[in-house]
Amino acid sequence: MAPRTCEVCKEAQSKYKCPICLAPYCSLGCFKKHKENPCKKSVPEEELIQKLPERSYQVDEPNWVVDKEQFQSIVESSEILGALKDGELRKLIQKIDSSEKPENELTRAMEGRTFREFTDKILAVLNPQNQPAN
C-alpha cells in the first residue's frame, strides 16, 4: 500500500491514524487541529454492508452489471478495502449515493483523481487480464 498523505495539512506523509475515525495525520499539531471538529467512529465494513438499502437500477448496458462472483472479488480485494479507508473517497461515495441525481455526482466525482483511481482499482479486479505489466 502506498504511503498516505496527512488529511489535515495535505502535505506530509502520515505516520499516525486518529483512534476514532482512522483519519491519517502526520504530527501532534495536525492531530490537535483534526480534533477541533468532532469526528465519528469508523464503522466496520461488515456493519456498512448490513446497512446498505436495497435499490433497483435501470442499466443501459447489460455488461455493466456485476455478477455475484465479480462482486465477491471486489469485496475481498485488500486494495479496494484499503482505498475505502480514505475519508475523502467515502465522502464522495456517500454524496453520490444520497444525491437526487447520482449520475451528475458520479460525473463530477470522476473528474477528481481519488475517485478515478478507486474505479480503476475496481476495474483491475474485474478485468485482471487487461492490466499492463510492470
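Q: What does buried mean here?
A: A residue is buried under 20% relative accessible area, exposed over 50% and partly exposed in between, with a 1.4 Å probe and protein chains only.

Q: Is Tyr 25 buried or exposed, then?
A: Tyr 25 counts as buried because its relative accessibility is 11%.

Q: What kind of model is this, and how are residues numbered?
A: This is a predicted model, in which local features need pLDDT of at least 70 and side-chain atom pairs count only at pLDDT 80 or more, while totals for chains, interfaces and linings use all residues. Residues are numbered from 1 along each chain as its sequence is written, and side-chain values use heavy atoms, leaving out hydrogens and water.

Q: How many aromatic pairs are there?
A: There are three aromatic pairs. Rings of Phe, Tyr and Trp (its six-membered ring) pair if their centres lie within 6.5 Å; planes under 30 degrees apart are stacked, over 60 edge-to-face and the rest tilted.

Q: Why is the pair of Tyr 25 and Phe 31 tilted?
A: The planes of Tyr 25 and Phe 31 lie at 35 degrees, with ring centres 4.8 Å apart, so the pair is tilted. Tyr 16, Tyr 25 and Phe 31 form one aromatic cluster.

Q: And what about Phe 115 and Phe 118?
A: Their ring centres are 6.2 Å apart and their planes at 50 degrees, so Phe 115 and Phe 118 are also a tilted pair. Both residues are buried.

Q: Which residues does Ile 122 touch?
A: Leaving aside residues up to four places away in sequence, Ile 122 touches Ile 74 and Ile 80; contact means heavy atoms within 4.5 Å.
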